[in-house]
Amino acid sequence: MVTVRLHGRLNDFVAPEKRGTRLQVAPQGSPSLKDLIESLGPPHPELDKVLVDGAPVALAHRVTPGAHIEAFPALGHVEGMPRFVLDVGLGRLSGFLRMLGFDTLWRNDFNDPELARISSTEERVLLTRDLGVLKRSEVVLGYFPRATDPAEQLVEVVRRYGLGSRMKPFSRCIACNALLSPAQPHEVTHRVPPDVARRYTHFQQCNDCRRVFWPGTHQERMQALIDRLRALELEG
């Protein structure tokens, strides 16, 4: 038998009655620390420091009977401007992240090997509610949003990766992820509804798909969300 203690949000992955307790596990053979902890629920990208008998060890460490294991959750912050890749079920979250200015890849036909490969080779944070994808060995950066509502998922991700001060709202196309550039009214009036052409003078267009954006009521609603997210950072 080995004893495992999960700390903090790693307890989200076990049954409520087991949270914060010392879990008794009977491993088969001599599994790696990664495999043993993931068998309990938490995917390895959500781990930070892991101690075996009080000493920090790598996830490749082989577990032997009698070991006492303590696992701590990753803080989540990444250097620079983080980039993301999302699975098929998080399409609305991808739109929110693009709206905030973050380089976010999403397609409705990404398969698990593609997601893991892109996350690894491009050093993108993989966001998914599929634990099987997060447990793939090549994935280094990843997070499992706990909420099912896209707006609440966004709050989680902003908190997790400290995005509040790094947002560049309305700088990316929410449809294709490319950067936006300013457009003169005469350049886009033939591509927007007549009433929009009459009412607005400030436009942006996507450098790739050529979609046109203007500061309408949708952007006003998004600005309220942005203000809420910035307030989160001030609250700590």
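Here is a working chat about the predicted model shown above.

Student: Hi! What does the secondary structure of the protein chain come to?
Tutor: Hello! In this predicted model, the protein chain has 8 helices and 12 strands. Its C-alpha atoms fill a box of roughly 75 × 35 × 30 Å, taken along the principal axes.

Student: And what share of the residues count as buried?
Tutor: Of the 236 residues in the protein chain, 46% count as buried. As for contacts with a separation of 6 or more, 58% come from residues 24 or more positions apart.

Student: Let's do the sheets. In what order do the strands of the 5-strand one run?
Tutor: That open sheet has the order β2-β1-β5-β3-β4, and its pairing is mixed.

Student: Which strands stand at the edges there?
Tutor: They are β2 (22–25) and β4 (55–56). Each has a single partner strand, so one side of each is left without a neighbour in the sheet.

Student: How many bridges join β1 to β2?
Tutor: There are 4 bridges between strand β1 (residues 2–6) and β2, and the two run antiparallel. If you want to find the pair on screen, V4 has L23 in β2 as its bridge partner, and R5 stands opposite R22 in β2.

Student: OK, and the 3-strand sheet, what is its order?
Tutor: That one is β10-β11-β12, an open sheet with antiparallel pairing. Its edge strands are β10 (180–183) and β12, each pairing on one side only. Between β10 and strand β11 (residues 203–206) there are 4 bridges, in the antiparallel sense.

Student: Changing topic: which residues touch the most other members in the largest nonpolar core?
Tutor: F84, L97 and L127 do, in a core of 26 residues. At least two residues of this core come from each of β6 (84–86), α2 (91–99), β8 (125–127), α5 (150–161) and α8. Another core lies apart from it, with 17 residues, among them V2, L10, V50 and V52.

Student: Is that sort of grouping a general thing, or what tends to happen with nonpolar side chains?
Tutor: In soluble globular proteins, nonpolar side chains tend to be buried together.

Student: Back to L97, what does it touch?
Tutor: Not counting residues up to four places away in sequence, L97 touches F84, L86, F102, T104, L127, L154, V157 and L163.

Student: I also clicked on R124. Where does it lie, and why does it count as buried?
Tutor: R124 lies in the loop between α3 (112–121) and β8. It counts as buried because its relative accessibility is 4%, and the cut-off for buried is under 20%.

Student: What is R124 in contact with?
Tutor: Leaving aside neighbours within four places in sequence, R124 is in contact with R83, F84, V85, D103, T104, L105, I118, S119 and L141. By contrast, Q153 is 29 residues from R124 in sequence, and their C-alpha atoms are 17 Å apart in space.

Student: And A74, buried or exposed?
Tutor: A74 counts as buried, at 19% relative accessibility. That residue is found in the loop between β5 (68–73) and β6.

Student: Which residues is A74 in contact with?
Tutor: Beyond its neighbours within four places in sequence, A74 is in contact with P45, E46, L47, D48 and R160. Take L47: it is 27 residues from A74 along the chain, yet their C-alpha atoms are separated by 5.0 Å.

Student: Last topic, the largest pocket. How much space lies in it?
Tutor: About 200 Å³ lies in the largest pocket. There are 13 residues lining it, and the closest to its centre are F170, F213, W214, H218 and Q219.

Student: Which elements give two or more residues to its lining?
Tutor: Those are β12 (212–213) and α8 (217–235). The largest share, 3 residues, comes from α8.

Student: What is the lining like by class?
Tutor: By class, the lining of the largest pocket has 8 nonpolar, 4 polar and 1 charged residues.

Definitions and conventions:
Residues are numbered from 1 along each chain as its sequence is written. This is a predicted model: local features need pLDDT of at least 70, side-chain atom pairs count only at pLDDT 80 or more; totals for chains, interfaces and linings use all residues. Side-chain values use heavy atoms; hydrogens and water are left out. On a 1 Å grid over the protein atoms alone, a cavity is a set of points where a 1.4 Å probe fits but cannot get out, and a pocket is an open set with protein on both sides within 12 Å along at least five of seven lines; lining residues have an atom within 4 Å of a point. Grid points are joined across faces, edges and corners, and a volume is the space filled by probe spheres set on the points. Ala, Val, Leu, Ile, Met, Phe, Trp, Tyr, Cys and Pro count as nonpolar, Asp, Glu, Lys and Arg as charged, and the others, Gly among them, as polar. Two strands pair if DSSP finds at least two bridges between them. A nonpolar core is a set of buried Ala, Val, Leu, Ile, Met, Phe, Trp, Tyr and Cys residues joined through side-chain atoms within 4.5 Å. Buried means under 20% relative accessible area, exposed over 50%, partly exposed in between (1.4 Å probe, protein chains only). Contact means heavy atoms within 4.5 Å.
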